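Thanks for sending this one over.

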Amino acid sequence: MLRFVRSTSVLRLPVILQRTLSESVPAQEVEQELPDNQEVGNTPTRIKVTLPRWSVGPFIGERFENINRIQNETNSHLKISRWGNFFPNSLERVLMIEGKTDDVLNAIYKIYDSFRMVEVPEYVKNPEAANERKKGISLITPLSLAKDFNDFKGKNKSHTTQNFQLDQFYIYEKQKFHDDLKERIIHIRGEEDNVKNAVNFVVQKLSSGPKVDDNLNYRQFYINDEGGSRDE
């Protein structure tokens, strides 16, 4: 079994993705001591999350008051894709968070807490699925990291699900995407603390590995000029 340190701290986390795509042996049971707080927490980081379109208005708040509050409380910078500009094959807008790793993590936690409090509007066709969506958070990661999680016939993904006791750690990869889109969505769903611990783990991977670009215009990656729907 893999040994995981369950903590919201960014100082000490397990590593199940030590093997690269070029290696053929399974992931090993290994625990890594990360650099100290100054080195890790102060690393500049950029993360993207997605929000279902039905949640964006209530989440943003009147005159962007909720986004401004999160920025001020976490010393991070938030920017959201324009109206109608969704991540391909979804009806979810993209929210980008930039800042130091510790600040970005705190911002993601506050975003997740706020999103969970949003009421599903009556016009949503599948309210049950929308309420399930509220239990999780979707992170956009570089394609290379998504492939790492799916390496070893999905064992890395399964280990992450089991060791953080998640209901779901799912990579949206089977849909048809534009060849130039080098990002994928990882959806993390489960109990609140478990989700946050798993988010912490993924963010550490992004902080020390492949970087997320600052693009928020996804229309260029649409196939047949259409997005798609996952939850409405």
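1. By about how much of a helical turn are E192 and K196 separated in helix α8? Please keep in mind throughout that this is a predicted model. The two residues are four apart in helix α8, so about one helical turn lies between them.

2. Now for helix α4, which spans residues 101-117. From first C-alpha to last, its 17 residues reach 25 Å, close to the expected 24 Å. Its buried residues include V104, L105, I108, I111 and F115, but also D103.

3. K110 of helix α4 pairs with E73 of helix α3, 37 residues apart, linking distant parts of the chain. This salt bridge has an N to O distance of 3.2 Å. Both ends are partly exposed, K110 at 28% and E73 at 44%.

4. Do look at D213 and K48 too, whose closest N and O atoms are 2.9 Å apart in a salt bridge. D213 sits in the segment after α8 and K48 in strand β3, so the pair ties together parts 165 residues apart in sequence. K48 is buried, at 0% relative accessibility, whereas D213 is partly exposed at 39%.

5. For the overall tally, a search of the whole structure finds twelve salt bridges.

Note on methods. Residues are numbered from 1 along each chain as its sequence is written. This is a predicted model: local features need pLDDT of at least 70, side-chain atom pairs count only at pLDDT 80 or more; totals for chains, interfaces and linings use all residues. Side-chain values use heavy atoms; hydrogens and water are left out. The expected span of a helix is 1.5 Å times one less than its number of residues. Buried means under 20% relative accessible area, exposed over 50%, partly exposed in between (1.4 Å probe, protein chains only). A salt bridge is a side-chain nitrogen of Lys or Arg within 4 Å of a carboxyl oxygen of Asp or Glu.
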